[in-house]
Amino acid sequence: MIILGIDPGSRITGYGVINNVGSKNEYIASGCIRMKDGDLADRLNQIFSNVSKVIEMYSPQEFAIEQVFMAKNADSALKLGQARGVAIVAATQQSLEVYEYAARKVKQAVVGNGGADKSQVQHMIARMLKLPGLPQEDAADALAIAVCHAHTRAGLVKMAGVSGRSQRRWR
């Protein structure tokens, strides 16, 4: 199961792609979409175009994104919401189901502490996915979102009582 995680932002949007095989997560790719200067509409268009390209390039079966959190000011929260929105539209335009996770849940799934800082997430993601170095913060956050989704998905499959044989057919 190829999972695309997105850490949205109006200036930098991180993406992370993993392959979830059983209980193992394998790194495929990650990076940052850095918006060129311009007005918000131009930056939103860049997010939509680039997320669409990432989806076309890696053909994920599932799409996970961070939920909106309360930003320090209303303007920042609105811009983040708009960035999330265009990333979600890029996913739904390519028939991907969208899964959303709170930042605290993502940190809990990866670090074991919902209040972990960005450097802790970077270190744990590098370790979990056996990366040769630390990914950039936004890419690490996106990978963490993908890993959180893989863990959540595995838990739901387990709770449903799906056996290994049936699970392979389900994918």
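Start by selecting Leu 40, Arg 43, Leu 44, Ile 47, Phe 48, Val 51, Ser 52 and Ile 55 in H1, which meet Lys 79, Gln 82, Ala 83, Val 86, Ala 87, Val 89, Ala 90, Ala 91 and Gln 93 in H2 (contact means heavy atoms within 4.5 Å). The residues of this contact divide into 12 nonpolar, 3 polar and 2 charged; Ala, Val, Leu, Ile, Met, Phe, Trp, Tyr, Cys and Pro count as nonpolar, Asp, Glu, Lys and Arg as charged, and the others, Gly among them, as polar.

The model is predicted: local features need pLDDT of at least 70, side-chain atom pairs count only at pLDDT 80 or more, and totals for chains, interfaces and linings use all residues. Residues are numbered from 1 along each chain as its sequence is written, and side-chain values use heavy atoms, without hydrogens and water.

Next, show H1 (residues 40-58). Helices are DSSP runs of H or I with at least four residues, strands runs of E with at least two, numbered from the N terminus. Just after H1, select Ser 59, with a positive phi of about 45 degrees.

Finally, go to Asn 19 in strand E2 (residues 12-21). Buried or exposed, Asn 19? Asn 19 counts as buried because its relative accessibility is 19%. A polar atom of its side chain lies 3.3 Å from the backbone nitrogen of Met 1. Leaving out residues up to four places away in sequence, Asn 19 also touches Ile 2, Lys 24, Asn 25, Glu 26 and Ile 28.

Notes
Buried means under 20% relative accessible area, exposed over 50%, partly exposed in between (1.4 Å probe, protein chains only). A polar contact is a pair of N or O atoms within 3.5 Å; within protein, one must be able to donate a hydrogen and the other to accept it, and residues adjacent in sequence count only if both atoms are side-chain atoms. The expected span of a helix is 1.5 Å times one less than its number of residues.
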